[in-house]
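Please consult the sequence and the model while reading.

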Amino acid sequence: MAHPAEVEVLNKALSGIGVDEKSIISILGKSHHEHQRSIRKGCSKFFFEDERQFERWDDTAIKNLKLEFKRFKDAVVYSLMHPWERDARLLKKALKKGPQQYYVIVEIACTRSSDQLLGARKAYHSLYDRSIEEDLAAHVKASERKLLVALVSAYRYEGPKVKEDTAKSEAKALLNAIKNADKRKPIEDEEVITILTTRSKPHLREVYEQYKKISGNTITQDLEAEMFLRETIECLCTPHTYFTKVRSPNFLF
């Protein structure tokens, strides 16, 4: 018969975010029929008796466990990969899954250094015999396409120098693009795309501050209706704000 402490440990090991593999293996590794039966009785969140008094797993619990074990497997596999390969595979996976996963592409393109992003593009070539840019152009049909292609192609200056006058001028250009959104979406505006995909991150943070002085609002406040562009700018200019709202599993590694 299972000790009550073992049942408690097993309940905790199978609950919440993640799976405690060590505890599960240590208990089940020495298990026999009666021991397993008492565990099933004790773990009522995961097992129940149906109308025929047959003791069985709850299907939802199995589904959740499979998901947790898959996350564990992915965490192990991805953590051992070269970072360039990992990013390349995550980019490919996001493309396959479609628009709901495009934020992964944004996160990788906006948070990696220029050399890291270039390395991911090289890895993509090696893994898939084509470029990430051509796959983005082929698969993304909506207005995000130009921005995404330009983001992954970027090789930004990474020094500290910022030109305040240029930042002020570009903040005005962003404001004009947002004001004229009824004529053309800001995400399709060539000047907006150029600013966001060629300027250094310190420069973009200065543009963000200059915009706030001119508009009275932040760019993200004025882009309330343009979620994809808003989140891209947030990821580039205020990553701490972005990642408090978007908890992506890709950044566990």
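Helix α9 passes α14 in a left-handed crossing, a term used where the near helix is turned anticlockwise from the far one by less than a right angle, with clockwise giving a right-handed crossing. This is a predicted model, in which local features need pLDDT of at least 70, side-chain atom pairs count only at pLDDT 80 or more, and totals for chains, interfaces and linings use all residues. Residues are numbered from 1 along each chain as its sequence is written, and side-chain values use heavy atoms, with hydrogens and water left out.

Q: How many helices and strands does the secondary structure of the chain come to?
A: Helices (H or I, at least four residues) and strands (E, at least two) are DSSP runs, numbered from the N terminus. On that basis the chain has 15 helices and two strands.

Q: At what angle do the axes of α9 and α14 cross, and are the helices roughly parallel or roughly antiparallel?
A: Axes are lines fitted to C-alpha atoms, for helices over the stretch in contact, and angles run from 0 to 180 degrees between N-to-C directions. The axes of α9 and α14 come within 11 Å. Angles under 35 degrees count as roughly parallel, over 145 as roughly antiparallel, 65 to 115 as roughly perpendicular and the rest as oblique. The crossing is at roughly 20°, and α9 and α14 are therefore roughly parallel.

Q: Which residues of α14 meet α9?
A: Contact means heavy atoms within 4.5 Å. From α9, the residues involved are L147, L148 and L151. On the side of α14 they are F228, L229 and T232.

Q: How do the residues of the contact of α9 with α14 divide into nonpolar, polar and charged?
A: Ala, Val, Leu, Ile, Met, Phe, Trp, Tyr, Cys and Pro count as nonpolar, Asp, Glu, Lys and Arg as charged, and the others, Gly among them, as polar. The division is five nonpolar, one polar and no charged.

Q: At what angle do α9 and α11 pack?
A: Helix α9 spans residues 145-153 and helix α11 spans residues 190-198, with their axes 9 Å apart. The two are roughly parallel, and the crossing of α9 past α11 is right-handed. Their packing angle is about 25°.

Q: Which residues of α11 are buried?
A: Buried means under 20% relative accessible area, exposed over 50%, and partly exposed in between (1.4 Å probe, protein chains only). The cover over these residues includes α9, α10 (164-179), α12 (201-215) and α14 (227-237). The buried residues of α11 are V192, I193, I195, L196 and T197.

Q: Is D87 buried or exposed?
A: D87 is found in helix α5 (residues 83-97). Leaving aside neighbours within four places in sequence, D87 is in contact with I108, R112 and A120. Because its relative accessible area is 3%, D87 is buried.

Q: Is D129 buried or exposed?
A: D129 lies in the loop between α7 (114-128) and α8 (132-139). Phi of D129 is near 55°, a positive value in a residue other than glycine. With 72% relative accessibility, D129 is exposed.

Q: What separates the C-alpha atoms of F243 and E107?
A: F243 is placed in helix α15 (residues 239-245) and is partly exposed, with a relative accessible area of 25%. F243 and E107 are 136 residues apart along the chain. Their C-alpha atoms are separated by 9.5 Å.
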